[in-house]
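Visitor: I would like to go through the assignments one at a time and hear the criterion behind each.

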Amino acid sequence: MKKQNLWGFCVLPLYLFTLLFVLGPMVYMVAVSFAANNSSGYGFEWLFTMDNYKKMTEPVYLKCFAQSFRLAFSTTALAALIGYPFGYFMAKLSEKRKKLMMFLIMVPFWTSSLIRLYGWIIILQVKGVLNGFLKAVGLIDKPLKMLYTYPAVLVGMVYALLPFMILSVYSSVEKMDWSLTEAARDLGATPVQAFFTITFKMTLPGLLTGVILTFVPSMGLFFIADILGGNKIVLVGSLIQDQLTRGSNWPFAAALAVILTIMTSLMIFLYRKITHAKNLEGMF
């Protein structure tokens, strides 16, 4: 058997899996988004209509998209501010300490995310650990209302997605050629100048990867907003779930999912364009 035929036979299951379980459901979702909701309140009818997309222009749904984007951008910005320095200095540790830090970062993934979020409820509630500590050290006189607020949801989002930012930056810094930074220092550049002209530019792909891995999921992690926000903060993911369960409007939920998929795909496309431009710049 020729190598080409053997290679084709090996990758055939991957193509079949992609067609059946990735492309197929996406095509079905797009088709359902143009269907009409059943008047009986259950299921849908295969009648072509644009009403599901027109419905999204209503102020209440536009506000939901705006709130989702606001939370996604805030989560990504905070994760980058915390994760970049963390990943940078982690890459400069000794091998033994690198393994320890990697272990500490990976430990939370061994526990269900729901259990970890309920841990944040214990910390942020009125009689929780954080309020008790602040009151003990004399910083507050009465408990602060932190749970079921926007900051609580933001903390939960950053906590859940921060490891992806740290690992992306760490991987990029780990592969860096430090001789270029040393050369810049030898030519008279200050540590700050050497960082922004050499180090930051070379680690920018890792930072952008972390941005994508943080921004895209934060648009759909509605369960964090439900648990820590107390249903006060409605994201697009929450709206889709509500339409699939309580609302029983599958076509509208599919239309919301299509728009959300397009938005996240645009982010990935932009990331690829930027990284491609950086690679071309590096070649010349």
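**Criteria and values**

Guide: Arg 70 lies over the face of Tyr 150, at 4.1 Å from the ring centre. This is a predicted model, where local features need pLDDT of at least 70, side-chain atom pairs count only at pLDDT 80 or more, and totals for chains, interfaces and linings use all residues. Residues are numbered from 1 along each chain as its sequence is written, and side-chain values use heavy atoms, with hydrogens and water left out.

Visitor: What makes Lys 55 count as a charge over the ring of Phe 252?

Guide: The rule asks for NZ of Lys or CZ of Arg within 6 Å of the ring centre and within 35 degrees of the ring normal. The charged end of Lys 55 is 4.5 Å from the centre of the Phe 252 ring and sits over that ring.

Visitor: Why is the pair Phe 195 and Phe 200 called tilted?

Guide: A search of the whole structure finds 22 aromatic pairs. In this one the ring centres of Phe 195 and Phe 200 are 6.3 Å apart and the planes stand at 45°, so the pair is tilted. Rings of Phe, Tyr and Trp (its six-membered ring) pair with centres within 6.5 Å; planes under 30 degrees apart are stacked, over 60 edge-to-face, and the rest tilted. Phe 196 and Phe 200 are also tilted, because their planes are at 50°, with centres 6.3 Å apart.

Visitor: Why is Thr 75 called buried?

Guide: Its relative accessibility is 0%, so Thr 75 counts as buried. The classes are buried under 20% relative accessible area, exposed over 50%, and partly exposed in between (1.4 Å probe, protein chains only). By contrast, Leu 20 is exposed, with 58%, and Phe 200 is partly exposed, with 27%.

Visitor: How do you know that Glu 95 and Lys 98 meet in a salt bridge?

Guide: A salt bridge needs a side-chain nitrogen of Lys or Arg within 4 Å of a carboxyl oxygen of Asp or Glu. Glu 95 and Lys 98 have an N to O distance of 3.6 Å, and their side chains meet in a salt bridge.

Visitor: What makes Glu 174 a salt-bridge partner of Lys 98?

Guide: The closest N and O atoms of Glu 174 and Lys 98 are 3.0 Å apart, and the two form a salt bridge. That pair links distant parts of the chain, the residues being 76 apart. Through shared partners, Glu 95, Lys 98 and Glu 174 are joined into one network. Lys 98 is buried at 8% relative accessibility, whereas Glu 174 is partly exposed at 35%.

Definitions and conventions: Helix = DSSP H or I, 4+ residues; strand = E, 2+ residues; numbered from the N terminus.
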